[in-house]
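Q: Hey, could you walk me through some side-chain features of this one? Here it is.

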Amino acid sequence: MKLLLASALAAALLFALPLLSPAATMPVKIMAANLSSGSDQAYEEPGIRIIKGLQPDVVLIQEFNYESGTRRDLVDAMFSPEYYYYYVQTSSAGDIPNGIISRWPFIATGYWDDPEVSNREFAWAKINLPGDHVLQVVSVHLLTESSFVRNTEATALKAYVEANFDTGEFIVV
C-alpha cells in the first residue's frame with residue numbers, strides 16, 4: 001500500500017512525493033497549511049507569502065477564507081489562474097472551510113462529515129497526476145480541545161479513507 005500520512009500540527013508542512021514510474025521520477029511538493037491571520041481566520045499577506053515561497057504543487061488548506069476577495073482571487077495571488085481549487089462551505093456561522101489547491105486537475109472532489117464540529121468538514125480530492133498516477137488527498141483541521149475528540153475525528157477519517165480511497169494509489173491526509 002502506498003500510504004503516506006502527514007499531520008498539519010505545525011503551521012505548515014511541505015514534503016516531496018516522488019512518483020515512481022519506469023520512465024522518470026517526478027517530485028510532487030505537498031503542503032498542509034493553516035496560515036490564516038487575524039480574528040477573521042482569513043488569509044492575508046504573511047500566509048500568502050509563505051505559501052508562494054514554498055511553491056507547493058498541492059496545498060491542503062485550512063481556514064480557506066480571504067478578506068481581500070474571492071477564493072479564486074486568493075488562489076491566483078498564491079499561484080496562477082491555471083491552478084485548481086476545491087473547498088467545503090458549511091452553512092454555520094464562523095465557517096472556516098477546509099480546501100485543496102492543485103497544479104493538476106481533479107478527477108473527483110467531495111467531503112466527509114467531521115463528527116465533532118459544524119463549521120468545517122473533511123475536504124477530499126482525487127488528483128490526476130502526470131504519468132497515470134492518482135493522488136488522493138484529504139484536508140483536515142482537527143479540534144484541539146481534547147484527545148478524545150481528536151480520536152473520534154481520526155477514527156471517522158480512517159473509516160472514510162478505507163471505504164473510499166484506492167490503497168494502490170498515493171494517499172495523503
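A: Happy to! A word on terms before we start: buried means under 20% relative accessible area, exposed over 50%, and partly exposed in between (1.4 Å probe, protein chains only). This is a predicted model, where local features need pLDDT of at least 70, side-chain atom pairs count only at pLDDT 80 or more, and totals for chains, interfaces and linings use all residues. Residues are numbered from 1 along each chain as its sequence is written, and side-chain values use heavy atoms, with hydrogens and water left out.

Q: Thanks! So is E67 buried or exposed?
A: E67 is exposed, because its relative accessible area is 52%.

Q: And where does E67 sit?
A: In the loop between strand 4 (58–61) and helix 2 (71–78). Helices (H or I, at least four residues) and strands (E, at least two) are DSSP runs, numbered from the N terminus.

Q: Switching to rings, how many aromatic pairs are there?
A: The count is 10 aromatic pairs, taking rings of Phe, Tyr and Trp (its six-membered ring) with centres within 6.5 Å; planes under 30 degrees apart are stacked, over 60 edge-to-face and the rest tilted.

Q: Why is the pair of F64 and Y87 edge-to-face?
A: Their planes are at 80°, so the pair gets that label, with ring centres 6.1 Å apart. F64 is in the loop between strand 4 and helix 2 and Y87 in strand 5 (residues 84–87), 23 residues apart, so this pair links distant parts of the chain.

Q: Is F64 buried or exposed?
A: F64 is buried, at 0% relative accessibility, while Y87 is partly exposed at 29%.

Q: Which residues do ring pairs link into a cluster?
A: W112, F122, W124, Y160 and F165.
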